[in-house]
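Open your viewer, bring up both the sequence and the model, and follow along one selection at a time.

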Amino acid sequence: MTNSTDQSEASGFNMAKFLETYGILIVVLVMMLVLAAIRPDVFLSAQNLTNILKQNASLALLALGMLVVIITAGIDLSVGSTMALSMVTIAIASRAGVPWPLVLLIGPAVGLAVGWVNGVGLTWLRLPHPFIMTLGTLNIARGLTFLVTDGAPVSGLQPEVRYLGQAYYDFGIFAPPAGLPASLIVVAACAIALWFFLTRTSMGRHIYAIGGNPHAARVSGINVDGVLVVVYMICGFFAGLAGLLLAGRTDSGFPNAGIGIELDAIAAVIIGGASFFGGRGTVLGVLAGVLIMGILRNGLNINNVSAFWQQILIGLVIIIAVYIDVLRRRASLRH
Amino acid sequence: MEPVRDSSPGALLEARGISKYFGAITALHNVNFHVAPGEVLGVVGDNGAGKSTLMKILSGLFAPSEGQLLFNGEPVRFSGPKEAQRRGIEMVYQDFALAGNLPIYENIYLGREPGRKLGPLTLVDHAKARRMAGEHLDRLHIHVKSVDQNAEDLSGGQRQAVAIARATAFDAKLVIMDEPTAALAIKEVGKVLDLIKSLKQHGVAVIIISHRMDDIFYCCDRVMALYQGSNFAEAPLDATHRNEVIGWIMGTKGHEEALAHDQLH
C-alpha cells in the first residue's frame, strides 16, 4: 500500500540495508587501516596510493564492463584479449602517424566491434552460453593481436595518446610522481555514467530484469536479444578504453598484455557482491571489489610477500567473499 | 463444425475460425469464440487440448495459421506481446512472469516505465512509478507491505496479485489468465478469485484458463471447452454444472449431475 511505502521511507535508517550497500566499503577501509598500521611510512605515501589507483584503472574498467554482462547472467571471457587488441591497434595507428584524436577513438571502437560480434554470436547464432562465444573471441582477438604485431611490442606513442593513461595532477602539493591520475578521472566518469545508466534508464532496468527472469522480460515486450547485444558492446567498449589507458601508462602496445585479466575482472565483480546467476550487482560494489584486490596485492608487495602467496590469498578472498554473501542471504531469508 | 458467424454484437474480442499448425501437427482447428466487456469466460480442456496455444495467439506470441481475430469488430494482427498490449490485451502467466530481483513497482511497469523519453531510452521516474504503483494497488485492494519489496520476497498469492496489477496497470480491456490459482496456497485462492471479480466489475473482459472447477464456477459467466484443438461445447454457467463440464474436458457430452466425477478436479 502507498501509506506503508511512505512509512518505510520515513522510518529512515535501516542497518541491514546500510550494510548491504556500504558494508564492502568498510572492508576496504579496514584493509587500508591495517596496512597503514603495519607500514605507515610506505602504504600511506602519496606515491604508493597514486600507484594503486593507476595500476588498477584498466582492471576497474574491465570489471565495470564485466558487471553489466554478469547482471544478465552472462560472462565475457574476451575482455583481456579485446584490451590487448585495442592496445596494439592504438600503438600501431599512433606510430603510423594517424591524427591523435582518431587514435583515441580506435581503442573504444575496437572494443565495440568485438562486443558486437559477441552479442550477435550469442543471440543470432543461438549459441547455448556466452562462455562459448566469448571463449571463441578470446582466442580470435588474441590471435589477431599477435598477427598484427608479429608478436613484438610496439612502442613510442604520441604524447596526446599517452595522456589519459599517464598524466597525473600534483596540484603543486604532491611531489612527482605522485598525484591524482587522469586515469582515475576516466574511471570515475565511466563509473558514474554506468551507475546512472543501470539505475535510472529503462534499458538499465531491463538489463537487471533479464538477469532476474528473461521470460518475464520477454513477455513484458523487452527486446531481450537487442538489449544483450548492447550489453556485450558496453563490455567491449570498456575493454577498449582499458586498452587506451594501459597503452598510455606503458607507452606501448604489447601483444601479451592482459592474458588472464578477464578472471581478475570476474573476481572483482564477484567480490563486489554481484550474483553469478544474474540480476544482482552494483557499480559501487565492483569498484570496491577492484580496490580490495588492488590493495591486497599492494599490501603484500610492500610487505615483501611473494607473488605466489598473493595468488593463493586472492583465491581465498574470492571464496570467503562469496561465502559471506551466501551467509548473509541465508540470514535475510529467515526473517 | 459451426460455420463462421457474423460479428457477435457487443463482443470485445472475437476469434473466427482460428487454426494453428506446427508442421504436421494441428494444435488448433477452426476455433471460434467471443468475449464481451465485463464478461468472464472460462476456457477448459485437457492437456494438449490447445488452450495455451490459443492464449499465445491472443496475446501476440504466436500468429494464427488461419482465421481472424476481431477486436471491437475490427480485424487485428499482433506481431508481438507489445502490440497486443497496445490494444489493451494483457496476459497473466501461470508462473507470474515477474523478475524476482526487482521491486514490486518496477515489475508492474517493466517495459513501460514512466519518465522522460531520451532517444531510445526512458529516464525512469522512480518516485512517480512508486506512487503510481501504490495508487493502482490500492484501487485493486491489493495490500503489500511496501512497493519496494522484491518480487522474490512475496508469497504466491501476492505475486499473482502483482502480476494482475501489472496486467491492469494500463487501462486493460481484456485480461487473459493462465491457471491463475495453480501456484497458490489454498487460503490465497479466494483473494485472487475476488480480484478477478472486481476486474469484471470495472468492465474488463477476462478469460480464465483453469483445470479447477471451483475457480470456474466461482467467477465465470460462461464456460467453453476445447477438445483436441476444436470447440467442443459452450454454455452460460447457470445452464450447466460441474459434471457436465468435466465430461466436456474428457470429450463426452450429456453427463448427469449424479455422475460422481467430483474427485477429478
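**Stop one: where the chains meet**

Start by selecting B:Glu106 and A:Arg205, which form a salt bridge with closest N and O atoms 2.6 Å apart. The term salt bridge here stands for a side-chain nitrogen of Lys or Arg within 4 Å of a carboxyl oxygen of Asp or Glu. Between chain A and chain B the count is 1 salt bridge.

A word on ground rules: this is a predicted model, in which local features need pLDDT of at least 70 and side-chain atom pairs count only at pLDDT 80 or more, while totals for chains, interfaces and linings use all residues. Residues are numbered from 1 along each chain as its sequence is written, chains are lettered from A and ligands numbered from 1 in the order in which they are written, and side-chain values use heavy atoms, with hydrogens and water left out.

Now color the contact, meaning heavy atoms within 4.5 Å: 29 residues come from chain A and 33 residues from chain B. Together the two chains bury about 2400 Å², 56% of it on carbon and sulfur atoms; buried area is the accessible area (1.4 Å probe) that two parts lose on being put together, summed over both. There are also 8 residue pairs in polar contact between chain A and chain B, both residues being at pLDDT 80 or more. A polar contact is a pair of N or O atoms within 3.5 Å; within protein, one must be able to donate a hydrogen and the other to accept it, and residues adjacent in sequence count only if both atoms are side-chain atoms.

On the side of chain A that touches chain B, show helices H1 (2-10), H9 (182-200), H10 (202-212) and H11 (214-219), the elements that give two or more residues. The largest share, 7 residues, comes from H10(A). Helices (H or I, at least four residues) and strands (E, at least two) are DSSP runs, numbered from the N terminus.

**Stop two: a covered helix and a buried aspartate**

Is helix H13 of chain A, residues 261-271, mostly covered or mostly open? Mostly covered: 9 of its 11 residues are buried, where buried means under 20% relative accessible area, exposed over 50%, and partly exposed in between (1.4 Å probe, protein chains only). A:Glu262 is among the buried residues. Just after H13(A), click A:Gly273 to find a positive phi of about 95°.

A:Glu262 is also one of the residues that A:Asp76 touches, along with others including A:Tyr232 and A:Cys235. Look for A:Asp76 in the loop between helix H4 (46-71) and helix H5 (79-95) of chain A. A:Asp76 is buried yet has no salt bridge, and the nearest side chain of opposite charge, A:Arg142, is 11 Å away. Its side chain does make a polar contact of 2.6 Å with that of A:Ser78.

**Stop three: ties within chain B**

Next, select B:Asp148 and B:Arg130, whose side chains meet in a salt bridge (2.8 Å, N to O). B:Asp148 sits in the loop between helix H4 (126-139) and helix H5 (156-167) of chain B and B:Arg130 in helix H4 of chain B, so the pair ties together parts 18 residues apart in sequence.

Move on to B:Arg242 and B:Asp214, a salt bridge with closest N and O atoms 2.5 Å apart. B:Arg242 lies in helix H8 (residues 242-249) of chain B and B:Asp214 in helix H7 of chain B, so this pair ties together parts 28 residues apart in sequence. Finish with B:Glu39, B:Arg222 and B:Glu234, which salt bridges that share partners join into one network.

Definitions and conventions. Lys and Arg count as positive and Asp and Glu as negative; His and the chain ends are not counted. Lists of a residue's contacts leave out its neighbours within four places in sequence.
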